[in-house]
4 protein chains.
Amino acid sequence: MLHCIHSVFLPGNVSKRLLITCCEPAFELNVGIPDPVQDTRERILSAALKLFAEKGYVSACTKDIARSAGVAEVTLFRHFTSKDRLLEEVLSHFTFVSVMPQLLKEIADLPCEEALTILAGRFIDYLILRKDWVSIMQAEMQRAPDKLFTVYHAFLDELFGGFVACFRQLQRRGCMGDFDLELGARMFHGICFNYFTQEELLGRKNYKSADRDLVLRGFVRIFLYGTSRNRRSE
Amino acid sequence: MLHCIHSVFLPGNVSKRLLITCCEPAFELNVGIPDPVQDTRERILSAALKLFAEKGYVSACTKDIARSAGVAEVTLFRHFTSKDRLLEEVLSHFTFVSVMPQLLKEIADLPCEEALTILAGRFIDYLILRKDWVSIMQAEMQRAPDKLFTVYHAFLDELFGGFVACFRQLQRRGCMGDFDLELGARMFHGICFNYFTQEELLGRKNYKSADRDLVLRGFVRIFLYGTSRNRRSE
Amino acid sequence: MLHCIHSVFLPGNVSKRLLITCCEPAFELNVGIPDPVQDTRERILSAALKLFAEKGYVSACTKDIARSAGVAEVTLFRHFTSKDRLLEEVLSHFTFVSVMPQLLKEIADLPCEEALTILAGRFIDYLILRKDWVSIMQAEMQRAPDKLFTVYHAFLDELFGGFVACFRQLQRRGCMGDFDLELGARMFHGICFNYFTQEELLGRKNYKSADRDLVLRGFVRIFLYGTSRNRRSE
Amino acid sequence: MLHCIHSVFLPGNVSKRLLITCCEPAFELNVGIPDPVQDTRERILSAALKLFAEKGYVSACTKDIARSAGVAEVTLFRHFTSKDRLLEEVLSHFTFVSVMPQLLKEIADLPCEEALTILAGRFIDYLILRKDWVSIMQAEMQRAPDKLFTVYHAFLDELFGGFVACFRQLQRRGCMGDFDLELGARMFHGICFNYFTQEELLGRKNYKSADRDLVLRGFVRIFLYGTSRNRRSE
DNA sequence: TATGAATGAGTTTTCATTCAT
DNA sequence: GATGAATGAAAACTCATTCAT
């Protein structure tokens with residue numbers, strides 16, 4: 001269950017490798033114990049994640065998921081009882097892990113603009129890594145079985161909390177102004193999440209990807225200066 | 001086809017009435033010509049919009065749409081050939097109309113912060129009015145028949161263009177700093193759209209709705225100060 | 001819905017023809033109006049009756065029923081919503097009709113032994129005519145959805161009432177003794193029903209069928225003498 | 001395999017305890033030899049008997065039977081090869097044992113009416129004890145694998161034989177008239193079996209159970225008087 | 001002997017779509 | 001133009017049974 005921790009929010013661009021690895025983390029961690037049962041289960045989960053994201057929950061049929069996982073359709077039901085339960089398990093199995101704490105340490109010594117730019121970058125990397133997961137959430141929220149709501153809201157709460165903590169740390173260091181942290185967190189999240197949505201989910205490659213850092217830096221600067229007015233105005 | 005224009009981006013809060021009216025605008029506009037054929041067509045489109053948004057494209061079955069529109073299932077096919085075509089027609093029928101031009105005039109004489117706050121508010125009102133439409137787009141983009149992409153990207157382009165034009169106007173009036181307008185538009189859009197998504201689509205009523213103006217004003221201030229640094233720093 | 005009345009409880013042995021006709025009575029009555037919808041419905045009902053009786057409810061699959069009715073499987077569901085509902089409709093569609101009144105008239109002038117023998121014979125004929133229906137009831141009662149219970153108990157109540165009325169009539173004519181009519185009805189019913197079960201359902205052709213009348217007459221005599229003891233003893 | 005003998009046809013009413021005990025008789029008899037293999041086998045047989053009776057052969061799935069017996073599903077197949085064979089084994093394992101001989105001795109000295117009333121009562125007690133077994137037979141006869149037919153017909157033959165023997169004994173003692181014994185056996189059986197079916201299987205508690213003896217006595221009297229006419233008429 | 005894992009064949013049911021009127 | 005009836009294709013899910021250990 002601890003898979004993907006290492007790769008998340010690490011410096012550097014997200015590589016194709018990471019995206020693929022993301023779906024089958026057990027392999028790396030359990031190399032010594034190739035438990036065939038877990039393997040089957042894991043393969044089904046990964047196949048389901050991929051197909052749910054690709055075709056939507058309803059259109060991704062269990063037969064295809066099973067075939068794609070290399071097992072018989074029944075096997076899927078043996079492991080997950082129903083398609084609905086499979087969705088739930090997929091969404092909790094691949095759910096985020098708390099990364100903010102570590103990240104806060106990483107950016108502790110960086111200058112403010114640098115810190116926020118890296119924060120934004122890592123957050124987006126993380127979303128890219130969890131692209132399928134996010135995709136499913138975006139698409140299925142309105143059909144929203146309660147379980148989804150719970151998981152997704154927990155995800156958002158965790159994020160906002162992380163942003164708030166980050167801002168507070170920067171404030172303590174004296175490099176961020178005094179402002180409504182909750183509101184700032186929502187704003188910062190909106191900017192990053194929207195960037196991700198447009199670039200990755202909608203495929204609107206408005207900016208060459210090489211320029212990503214520039215764009216994010218641009219966002220950060222506006223945000224940083226905007227929230228600094230109180231300090232400045234003093 | 002131009003229904004809803006009047007109600008969009010007009011000053012004042014979006015009332016329940018408007019939201020409801022939105023789905024059956026033809027009645028009000030075509031009172032003089034109660035063309036029964038158009039009527040049938042319109043009723044199907046409205047029913048489809050509602051059900052697609054509610055249950056997702058795949059899960060909203062033609063039988064339910066037809067029943068909800070008060071016609072036989074076959075009639076739906078007479079009018080729209082296939083379910084796929086129906087989706088396309090729904091999405092273009094209820095698509096946005098260019099509202100920015102008018103809005104620019106409205107805020108022409110307002111002080112900058114006021115202008116942007118109202119812009120944000122109207123934009124969100126507009127999204128609320130088009131909630132079903134947006135919902136469908138969010139959910140079905142990944143399944144993305146080309147047609148959807150085209151329509152949605154046109155929608156976004158129009159929006160960004162509008163924001164850019166608005167910023168440019170405010171710059172000319174000397175009340176906004178010098179900054180990358182495209183980048184600003186993306187940022188501003190992200191903030192507003194994310195607010196809408198969370199409040200309306202995800203039902204995360206973090207802020208009491210009475211405070212909406214305060215929140216938006218908070219966003220706008222940060223954005224405004226942030227983009228003014230260049231001017232100020234001079 | 002009035003099918004089968006004419007053929008039930010008429011004098012004479014039950015012929016193969018009657019048994020077959022029983023399942024598609026509408027043809028005879030509605031010759032002038034070959035309503036294709038009713039026809040389809042009727043064909044499905046008949047096929048279902050037959051297959052349910054033959055293989056049991058669970059084992060008679062809807063595909064086979066549909067094929068045997070000459071329609072597509074979906075058509076069956078269009079008409080009956082679910083397999084469970086189909087069973088219910090089959091059981092009420094082919095349910096008994098009140099025949100006792102007419103029968104009482106028929107045997108009004110016959111000597112007592114003759115009257116009871118004919119009553120027993122007709123009752124068994126009737127069961128043979130409804131063999132499939134009874135078969136299903138026997139087999140599915142324990143799985144017993146409430147609906148079945150209701151229908152079957154109504155069937156039994158009607159029968160017992162009929163027997164009681166018959167005995168009372170014979171008493172009035174002075175040719176039956178004084179005895180507990182309810183108890184007598186249960187006994188008489190048990191004898192006849194058991195005969196039917198063994199001969200028809202279990203295929204225990206212990207007695208040559210030509211002797212049926214003899215067997216029944218034997219039963220009747222014992223019953224008749226047995227219930228006459230009170231009169232005799234006076 | 002001879003379990004239940006002691007409790008069958010013993011004087012006194014059938015207690016709840018007997019009914020329950022009936023399914024797991026081996027425990028009591030084999031206390032000294034707790035053969036674990038037989039135990040497993042026995043547990044499966046009992047579970048199968050219960051579930052077959054409750055849900056019908058087809059609906060009682062091997063998984064449930066196994067779970068209810070506390071073993072793995074495969075184990076069931078190890079012991080019985082196939083579900084069909086399991087049914088056969090269940091039906092022969094729990095089949096009746098010849099009880100008539102003993103019963104004849106018991107009623108040897110009783111007055112005729114008393115003897116027949118007790119005979120009827122014991123027979124019904126016996127059926128109640130074998131309720132599950134009878135239930136299965138009733139329900140599955142029509143699907144009738146040959147094996148079932150054989151077992152059930154043997155059961156009936158044994159019964160009829162018993163009744164005939166009983167009647168003959170009473171005749172010898174001079175307390176029953178001269179009549180067709182086969183025919184009488186069928187009649188007597190029908191009356192008792194029908195009583196059982198209605199009270200126990202169909203749950204038609206028409207008569208308060210306290211009155212059971214009265215009802216049976218009523219039946220017996222009619223039967224007795226009816227069959228005595230020949231003697232009397234002389 | 002006992003079992004956890006896996007499966008092929010089949011079940012009921014739903015859906016978009018066509019036909020005939 | 002509108003519809004009731006009919007359908008082929010596919011969906012989720014179940015079941016008895018086998019395999020490997």
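**Exercise 1.** Find how many residue pairs are in polar contact between chain B and chain A.

*Solution.* Start with the criterion. A polar contact is a pair of N or O atoms within 3.5 Å; within protein, one must be able to donate a hydrogen and the other to accept it, and residues adjacent in sequence count only if both atoms are side-chain atoms. Six residue pairs between chain B and chain A qualify, both residues at pLDDT 80 or more. This is a predicted model: local features need pLDDT of at least 70, side-chain atom pairs count only at pLDDT 80 or more, and totals for chains, interfaces and linings use all residues. Side-chain values use heavy atoms, without hydrogens and water, residues are numbered from 1 along each chain as its sequence is written, and chains are lettered from A in the order in which they are written.

**Exercise 2.** Count the salt bridges between chain B and chain A.

*Solution.* Look for a side-chain nitrogen of Lys or Arg within 4 Å of a carboxyl oxygen of Asp or Glu. The count is two. One of them joins Arg186(B) to Glu199(A), with the closest N and O atoms 3.0 Å apart.

**Exercise 3.** Work out how much area chain B and chain A bury between them.

*Solution.* Take the accessible area (1.4 Å probe) that two parts lose on being put together, summed over both. Gln142(B), Arg186(B) and Ile222(B) supply 19% of the area that chain B buries against chain A, more than any other three residues. Next, count contacts (heavy atoms within 4.5 Å). Here 43 residues of chain B touch 44 residues of chain A.
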